[in-house]
Amino acid sequence: SDETSTHYPFGAGLIDFEKLAPKLLQVPDIDWWTIDLSFRPDSWELVGPSRHFVADLLQRHSPKG
C-alpha cells in the first residue's frame, strides 16, 4: 500500500490553529493553504467544512483584516 497517513479535517485534529495561524500568516510570500484529506473515504464531504474553517480562521487572524 502507498498510504502514508490519514489527515484530519481542519479543527478536528490536535493542532491548535488559533495559536498557529498568526505565526503562519507571518511567513512571507505564502498566500494559500491546502486542504489535504488524504486517504479519507469521506474526503469530499469534509472539503466544504474544512474550507469554511480555514476561511474563518484567516479572516480572524489576517493582519490585512
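Select Phe10 to begin. In this predicted model, Phe10 is buried, because its relative accessible area is 17% and the cut-off for buried is under 20%. Phe10 sits in the segment before helix H1.

**Next stop: Trp33**

Trp33 lies in the loop between H1 and helix H2. The two residues are 23 residues apart, so this pair links distant parts of the chain. Is Trp33 buried, exposed or partly exposed? Trp33 counts as partly exposed, because its relative accessibility is 25%.

**Next stop: Phe53**

How far apart are the ring centres of Phe10 and Phe53? They are 6.2 Å apart. The planes meet at 25 degrees, so this pair is stacked. The cut-off for stacked is under 30 degrees. Follow the chain again. Phe53 is in helix H2, which runs 43-61. Phe10 and Phe53 are 43 residues apart, and their pair also links distant parts of the chain. Phe53 counts as partly exposed, at 26% relative accessibility.

**Show the ring cluster**

Ring pairs link Phe10, Phe17, Trp33 and Phe53 into a cluster. How many aromatic pairs does the structure hold? It holds five.

**Turn to the surface**

Clear the selection and pick Ile15. Ile15 also lies in the segment before helix H1, which covers 17-24. Is Ile15 buried or exposed? Ile15 is exposed, because its relative accessible area is 54% and the cut-off for exposed is over 50%. Together with Ile15, they form a nonpolar patch on the surface. The accessible area of the three residues together is about 240 Å².

**Zoom out**

Finish with the whole chain in cartoon view. Count the helices: there are two, with zero strands. The C-alpha trace spans about 40 × 20 × 20 Å along its principal axes. The chain has 65 residues, and 17% of them are buried. The accessible surface comes to about 5,300 Å². Carbon and sulfur atoms account for 57% of that area. Last, look at contacts between residues at least 6 apart in sequence. Of these, 73% join residues at least 24 apart.

How values were computed
Residues are numbered from 1 along each chain as its sequence is written. This is a predicted model: local features need pLDDT of at least 70, side-chain atom pairs count only at pLDDT 80 or more; totals for chains, interfaces and linings use all residues. Side-chain values use heavy atoms; hydrogens and water are left out. Patches are made of residues with over 30% relative accessible area and no salt bridge: like charges are joined within 9 Å, nonpolar side chains (Val, Leu, Ile, Met, Phe, Trp, Tyr) within 5 Å. Accessible areas come from the Shrake-Rupley method with a 1.4 Å probe; for residues, only the protein chains shown count as cover. A salt bridge is a side-chain nitrogen of Lys or Arg within 4 Å of a carboxyl oxygen of Asp or Glu. Helices (H or I, at least four residues) and strands (E, at least two) are DSSP runs, numbered from the N terminus. Buried means under 20% relative accessible area, exposed over 50%, partly exposed in between (1.4 Å probe, protein chains only). Rings of Phe, Tyr and Trp (its six-membered ring) pair if their centres lie within 6.5 Å; planes under 30 degrees apart count as stacked, over 60 as edge-to-face and the rest as tilted. Contact means heavy atoms within 4.5 Å.
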